[in-house]
Amino acid sequence: MAICPSSLILANYYLPLNGALGTYMEPLKQADNYDKIASHWASKNFNSDNGIEQHKRALQFVDKKEKAIDVGCGSSGRIIEILLNDGFVVEALDLSIEMLNIARQNHPDVQFYHADICKWDFPKKYDFISAWDSVWHAPLEEQENILKKLCNALVPKGVLIYTSGAVDEPGDGTNEFLGQVLYHAALGIPAILEIIKECNCICRHLENDDWPNRHLYLIIQRKNA
Ligand SMILES: C[S@@+](CC[C@H](N)C(=O)[O-])C[C@H]1O[C@@H](n2cnc3c(N)ncnc32)[C@H](O)[C@@H]1O
């Protein structure tokens, strides 16, 4: 497994890619760790504004506001709320059962899936997909497949908002957050752009939006045909 030579600092997390805490974590173990801190994302201590402007920018590119899914939705329901307000029929997915338990309380009418994005087969195509600060927790060797799955789950002209580490090379590592060990992996900007092209999609926006932290977000749109 490739290790990024430099350290990665992501929004809300410091990620030293030095393997100090081990570099691999099973998605289920990660979900178990997230279960223990699920309330943080629904509390006052969480900056729930983070990513909202970026979603608004991404939504400007959407052709039809019909079907949307929030991948790795967490507990706050904040992205679900924006999508509902924009008129989408919204679905959401997370591997942490505690995150889902809290999220369901606020949005009882939304279809939630308890699933691992690594193994998930999208049941339909979506006009908008949010994968904000979530799929970077999947193992490095799954990252390419996940990004391809996300791109291929878009309708023509559908839009994906996706975050990763702003690094040049693939890398992964673990860090501690609120007393839990969390794992992150990033493909690196060149590989991400290559996959987007391969999937018949276009990068509409790429930004290292929390400089000097290495937080990267992209707005990706599927071509019309
Ligand atoms: C940092 S939280 C972000 C939550 C939400 N996207 C937000 O921005 O408020 C990361 C979420 O990704 C979920 N997650 C991590 N690995 C996952 C996987 N393999 N499949 C599905 N969800 C996953 C976690 O359970 C957690 O709820």
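Predicted model: local features only at pLDDT ≥ 70, side-chain atom pairs only at ≥ 80, totals over all residues.
**Pro212 and its loop**

I started at Pro212, which sits in the loop between β10 (201-208) and β11 (215-222). I looked up the peptide bond from Trp211 to Pro212 and found it cis, with omega near 10 degrees. I noted this because most peptide bonds are trans.

**Leu178**

Next I went to the loop between β8 (171-177) and β9 (180-186), where I found Leu178. What is the phi of Leu178? I get a positive value of about 50 degrees, although Leu178 is not a glycine. I wrote that down because most residues other than glycine have a negative phi.

I checked the confidence. The mean pLDDT of the protein is 90, and 90% of its residues reach 70 or more. Residues 1-9 are another matter: pLDDT is below 50 there, and I count 31 contacts in the model for this stretch beyond near neighbours in sequence. I also marked residues 11-21, where pLDDT stays under 50. For residues 11-21 the model has 33 contacts beyond four places in sequence.

**Helices α5 and α6**

Two packed helices are described by the angle between their axes and the distance between the axes. I looked up both for α5 (residues 140-152) and α6 (residues 189-198): their axes come within 10 Å and cross at roughly 40 degrees. The crossing of α5 past α6 is right-handed.

Which residues meet here? From α5 I list Glu144, Leu147, Lys148 and Cys151, and they meet Ile192, Ile195 and Ile196 of α6.

**Around the ligand**

Last, I looked at the ligand. I find 24 residues surrounding the ligand, and the closest are Gly72, Gly74, Ser96, Ser134 and His137. Which elements give two or more residues to this shell? They are α1 (27-36) and β4 (89-94). I note that α1 gives the most, with four residues. Sorted by class, the shell around the ligand has 12 nonpolar, eight polar and four charged residues.

Technical notes
Residues numbered from 1 in each chain as written. Axes fitted to C-alpha atoms, helices over the stretch in contact; angles between N-to-C directions. Left-handed = near helix turned anticlockwise from the far one by under 90°. Contact = placed C-beta atoms within 7 Å. Near = placed C-beta within 6 Å. Nonpolar A, V, L, I, M, F, W, Y, C, P; charged D, E, K, R; others polar. pLDDT = per-residue confidence, 0-100.
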